[in-house]
Amino acid sequence: MNGDSPTGTTAAASTASQKIPRHVAIIMDGNGRWAEKRGQPRIMGHRAGVEAVRGVLRGCADAGVEVLTLFAFSSENWRRPKKEVSLLMELFMTALGREVKRLHKNNVRLRVIGDIAGFSKALQKRIADAEALTHDNTGLTLVIAANYGGRWDVTRAAQQLAQRVKDGELTVADITPERMAECVSLADLPEPDLFIRTGGESRISNFMLWQLAYTEMYFTDVLWPDFDAQALQNAFGSFASRQRRFGRTGQQVAEMSES
Ligand code: IPE
Ligand code: IPE
Ligand code: MG
């Protein structure tokens, strides 16, 4: 939706009377540099990154965040050295296998977005099994973006709508922002309220291009494996201090929140 995000006008859950985002989307960047700084191979940074995920997941669940989306592997990350890519795939396999029981026990619902067909059959099966096991859980939704690209997501939505026009179900004029929003990934969930990128780069790197239209952006130099509970609180604090206007004036928004 281009107008009011449902997340902008409803009262968010709060801890210590602070506005808490319903949906947090994170680019977990800086694993490689974290390891290189320690004279270790890059994969050690990725391993440490998995540990950081655990802490952030707990912090988000405790704060009342409903959806946590993590960018784990982009459609462009295939360009990395073969060795790093295969180690990342291995890590993804083992982490999924190891963590899924714990996620399930904690009532977390796991979802994976991205072009899963690009992965090995074994990994595809592990993903499907994890999603099926946790499907009916009612706690936090953890979304892993894997072989994901924002352009892929928008293109796929366009293809779905083009097919429906071809089939005579829709006319060209029926293709509206609202219809597009129904076809991109995570259409059934609130749009991200807070975007976090660790690792010091200020770019989106083909993350959720459509969904981030009105998201509050937060960039930090902290490398992902060092992103701890305090770092998460800092991001929440920054989010809480912002006025989301969705195109209106600051005065209008202030008046709306008074009434
Ligand atoms: C992010 O860390 C994790 C993935 C992209 C898989 P990087 O591996 O990009 O770490 P840096 O940016 O090289 O430090
Ligand atoms: C973005 O990080 C992708 C993930 C964190 C999975 P990159 O490290 O791949 O981004 P660029 O290449 O620096 O833009
Ligand atoms: Mg990087």
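A polar contact is a pair of N or O atoms within 3.5 Å; within protein, one must be able to donate a hydrogen and the other to accept it, and residues adjacent in sequence count only if both atoms are side-chain atoms. The model is predicted: local features need pLDDT of at least 70, side-chain atom pairs count only at pLDDT 80 or more, and totals for chains, interfaces and linings use all residues. Residues are numbered from 1 along each chain as its sequence is written, chains are lettered from A and ligands numbered from 1 in the order in which they are written, and side-chain values use heavy atoms, with hydrogens and water left out.

**Exercise 1.** Carry out the analysis for ligand 2.

Step 1. Among the residues surrounding ligand 2 are Ile27, Phe71, Ser74, Asn77, Arg80, Arg197, Arg203 and Ser205.

Step 2. An oxygen atom of ligand 2 is 2.9 Å from an N or O atom in the side chain of Asn77. The value is 3.2 Å for the side chain of Arg80 and 3.3 Å for that of Arg197.

Step 3. Ligand 2 exposes 390 Å² when taken alone, and the protein buries 78% of that.

**Exercise 2.** Is Glu84 buried or exposed, and which residues does Glu84 touch?

Step 1. Glu84 is placed in helix 4; helices (H or I, at least four residues) and strands (E, at least two) are DSSP runs, numbered from the N terminus.

Step 2. Glu84 is buried, because its relative accessible area is 10%. Buried means under 20% relative accessible area, exposed over 50%, partly exposed in between (1.4 Å probe, protein chains only).

Step 3. Not counting residues up to four places away in sequence, Glu84 touches Arg42 and His46, contact meaning heavy atoms within 4.5 Å. The side chains of Glu84 and His46 are joined by a polar contact of 2.9 Å.

**Exercise 3.** Characterise the nonpolar cores.

Step 1. A nonpolar core is a set of buried Ala, Val, Leu, Ile, Met, Phe, Trp, Tyr and Cys residues joined through side-chain atoms within 4.5 Å. The largest has 43 residues, of which Ile26, Leu68, Leu142, Ile196 and Phe236 touch the most other members. Helix 4 (residues 82-105) gives the most to this core, with seven residues.

Step 2. Another core, of 14 residues, lies apart from it and includes Ile113, Leu186, Phe207 and Leu212.

**Exercise 4.** What are the phi values of Asn147 and Leu186?

Step 1. Most residues other than glycine have a negative phi. Phi is near 50 degrees for Asn147 and about 65 degrees for Leu186.

Step 2. Asn147 belongs to strand 6 (residues 141-148), whereas Leu186 is in the loop between helix 7 (177-183) and strand 7 (194-197).

Step 3. Asn147 counts as buried at 8% relative accessibility, and Leu186 is buried at 7%.

Notes. A residue is near a molecule or strand if one of its heavy atoms lies within 4 Å of it. Accessible areas come from the Shrake-Rupley method with a 1.4 Å probe; for residues, only the protein chains shown count as cover.
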